[in-house]
Amino acid sequence: MKTVTSIAELQSCLSPIRGKGQSIGFVPTMGALHKGHTELMRIAKTQNPVVVVSIFVNPTQFNDSNDLQSYPRTLEQDLAKCEEAGVSIVFSPSVKEMYPTPEPQQFDFGSLDKVMEGKYRPGHFNGVAQVVNKLFGIVKPNKAYFGQKDFQQLVIIRKLVEVQNFDIEIVACPTVREDDGLAMSSRNALLTPEQRQIVPIISKTLFAAQNKGSNFNVKELVRWVKDQINSTPLLDVEYFEIADATTLEPIYKWSDAQQSVGCIAVRVGDVRLIDNILF
Ligand code: AMP
C-alpha cells in the first residue's frame, strides 16, 4: 500500500494504472475509520484491481467549528485498517494541498441540498460537493463507493456526477451497524458510555417504524417516531422526515412515492447522529 499526501504524487501513481486500462475504485472518507468504511473498501476491492481511499477531514463541509475541531483524527490506525483491507493507495492531503486558495465553487442541486441535513447544516452539502468534485477530478476513478448511511449525501453525489458530467459509476453500499443496531459512525467515538447505551433506540425506532409502515399514515408515523425518541432521556430529535427517495421531497401519503426514505438526525449532548430507513 502506498500513502501519498500530494496531488502530483497521487497522479504519478495513477497514470500508469490508467494507462494499463485498470479499473480504479475510489472510497472517499474523513478517516476515523470503522467497519462501515472498511466494508466500502471490501466492496470496491471485489470490483476493481486498484482501490484508492482518501482520508481528509474537509473543513468546507463543517458549518460548526466545534464539530470540525472535535472530529476524531486517527491516521495511524486508519492506515493499518486500509492496509488490512487491501487498499492500493491512501491519499491523505493537507488542507493547504486541497485548498491552496479559498474554494469559490458554488453548486446548485435544486431542492436536494435544501431539505433535511441541508436545512440544519447550511452550506454542508456545498462543502461536500466541493471536495468530492475536486477528488473526482484528481483520482478520476471508474467507480466510487458511498454509504447509504448518508442517504441524502448519496443522492447529491449522484446529482453532482450528472451536473459535472463525470464518467464515474456511483456504487451505493448498505449501512453497516453495530450488533445493537446503531449505525456505525466516526462520531460514535465521541459518545459517553451512558449516551452510547441509549442511542440504539434510534435505529430500533426506525426498524419498528418500517414494520408498522403503511398501517399508519405518514403523518402519524412521523409523529410516533419523534415521540418515541424524544421521550428517551438524553435524546433530542432535530428532524425526522419521510421523503421520496429520489427527489427527497417530503411525502404526505405513501402513494406519493414509489420508494420512500425516513431520515433522522438526533442530538445526544454535543454529538449529532444521523440514520435512515427505506419504506
Ligand atoms: P465519512 O468518513 O463519515 O465522511 O464517510 C465516508 C463514507 O463512508 C461515506 O460514503 C459514508 O456514507 C460511508 N459510511 C459511513 N458510515 C457508514 C456505515 N455505517 N455504513 C456504510 N457506510 C458508511
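Good morning. The structure is a predicted model, in which local features need pLDDT of at least 70 and side-chain atom pairs count only at pLDDT 80 or more, while totals for chains, interfaces and linings use all residues. Residues are numbered from 1 along each chain as its sequence is written, and side-chain values use heavy atoms, with hydrogens and water left out.

Let me begin with the domains. Domain 1 covers residues 2-173 and domain 2 covers residues 186-278; these bounds come from an automatic or database domain assignment. Taken over C-alpha atoms, their centres are separated by 26 Å. Across the boundary, 23 residues of domain 1 are in contact with 19 residues of domain 2, where contact means heavy atoms within 4.5 Å.

I turn now to the interior. In soluble globular proteins, nonpolar side chains tend to be buried together. A nonpolar core is a set of buried Ala, Val, Leu, Ile, Met, Phe, Trp, Tyr and Cys residues joined through side-chain atoms within 4.5 Å. Buried means under 20% relative accessible area, exposed means over 50%, and partly exposed lies in between, with a 1.4 Å probe and protein chains only. The largest nonpolar core has 48 residues, and Phe136 and Ile170 have the most contacts inside it. Helix H7, residues 124-139, gives the most to this core, with nine residues. Leaving aside neighbours within four places in sequence, the contacts of Phe136 include Phe26, Pro141, Phe146 and Ile170. There is also a second, separate core of 23 residues, with Val199, Val222, Leu235 and Val268 among them.

Helices (H or I, at least four residues) and strands (E, at least two) are DSSP runs, numbered from the N terminus. The expected span of a helix is 1.5 Å times one less than its number of residues. For the 16 residues of H7 that gives 22 Å, which agrees with its end C-alpha atoms being 22 Å apart. H7 is mostly covered, as 14 of its 16 residues are buried. After H7 comes Lys140, with a positive phi near 45°.

Which residues of H1 are buried? Leu10, Cys13, Leu14 and Ile17 are buried in H1. An α-helix has 3.6 residues a turn, so residues three or four places apart point the same way. The cover over the buried residues of H1 includes strands E1 (2-4), E2 (24-29), E3 (50-55) and E4 (89-91), together with H7.

Next, some backbone angles. Most residues other than glycine have a negative phi, and most peptide bonds are trans. Ala32, not a glycine, has a positive phi of about 50°. Ala32 sits in the loop between E2 and helix H2 (35-47) and is buried, at 10% relative accessible area. Leu248 also is not a glycine and has a positive phi of about 65°. Its place is in the loop between strand E7 (235-244) and strand E8 (260-268), and Leu248 is buried at 0% relative accessibility.

Finally, the cysteines. A disulfide is a covalent bond between the sulfur atoms of two cysteines. Here it is taken as a pair of cysteine sulfur atoms within 2.5 Å. How many disulfides does a search of the whole structure find? The search finds zero. For Cys173, the closest cysteine sulfur is in Cys82, 15 Å away and therefore too far for a bond. Cys263 is in no disulfide either, as the nearest cysteine sulfur, that of Cys173, is 17 Å away. Both residues are buried, Cys173 with a relative accessible area of 1% and Cys263 with 5%. Thank you for your attention.
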